[in-house]
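Welcome to this short tour. Please have a look at the model below, and then we can walk through it together.

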Amino acid sequence: MMRRLSSMGQAYYLAMAELDHDLPGYLKAVTRYDDVTLDDLVRVSSRYLATLPLVTVVVD
């Protein structure tokens, strides 16, 4: 998903979907996370990331 953030990445994946004749699959992948809310992210992070050691990095 991160590779689709830039316009070059979007163009690449759209072109690959066109060549593979799979535009519906591309559109499904692009819109898969449209309904995710901040509450969903907080809930999931508290469940799956709670046991991971977190580090704070300050760059000066």
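Predicted model: local features only at pLDDT ≥ 70, side-chain atom pairs only at ≥ 80, totals over all residues.

## An aromatic pair

How many aromatic pairs does a search of the whole structure find? The search finds one. Tyr12 and Tyr13 are its two members, and their rings are arranged edge-to-face. The centres lie 5.0 Å from each other, with 85 degrees between the planes. The label edge-to-face applies because the angle between the planes is over 60 degrees.

## Ser6 and helix α1

Ser6 sits in the segment before α1, a helix that covers residues 7-19. With 38% relative accessibility, Ser6 counts as partly exposed. What lies 3.0 Å from a polar atom of the Ser6 side chain? It is the backbone nitrogen of Gly9.

Ala15 is found in helix α1 itself. Its relative accessibility is 38%, so Ala15 also counts as partly exposed. Between Ala15 and Leu38 there are 31 Å from C-alpha to C-alpha, with the two residues 23 apart along the chain.

## The chain as a whole

Stepping back, the protein chain has three helices and zero strands. Read from the N terminus, its elements follow the order α-α-α. Is the chain compact or spread out? Its radius of gyration is 17 Å, well over the 10 Å that the globule rule gives for 60 residues, so the chain is more spread out than a compact globule. The C-alpha trace spans about 45 × 30 × 15 Å along its principal axes.

## Surface and charge

Of the 60 residues in the protein chain, 7% count as buried. The accessible surface of the chain amounts to about 5800 Å², and carbon and sulfur atoms account for 62% of that area.

As for charge, the protein chain carries 6 positive and 8 negative side chains. How far apart are the centres of these two sets? They lie 8 Å apart.

Key. Residues numbered from 1 in each chain as written. Heavy atoms only, no water. Phe/Tyr/Trp six-rings, centres within 6.5 Å; stacked < 30°, edge-to-face > 60°. Helix = DSSP H or I, 4+ residues; strand = E, 2+ residues; numbered from the N terminus. Buried < 20%, exposed > 50% of the residue type's maximum accessible area, 1.4 Å probe, protein only. Polar contact = N/O pair within 3.5 Å; in protein donor to acceptor, adjacent residues only side chain to side chain. Rg over C-alpha atoms; globule rule 2.2 N^0.38 Å. Areas by Shrake-Rupley, 256 points an atom, 1.4 Å probe, with all protein chains shown as cover. Lys, Arg positive; Asp, Glu negative; His and termini not counted. Charge placed at Lys NZ, Arg CZ, Asp CG, Glu CD.
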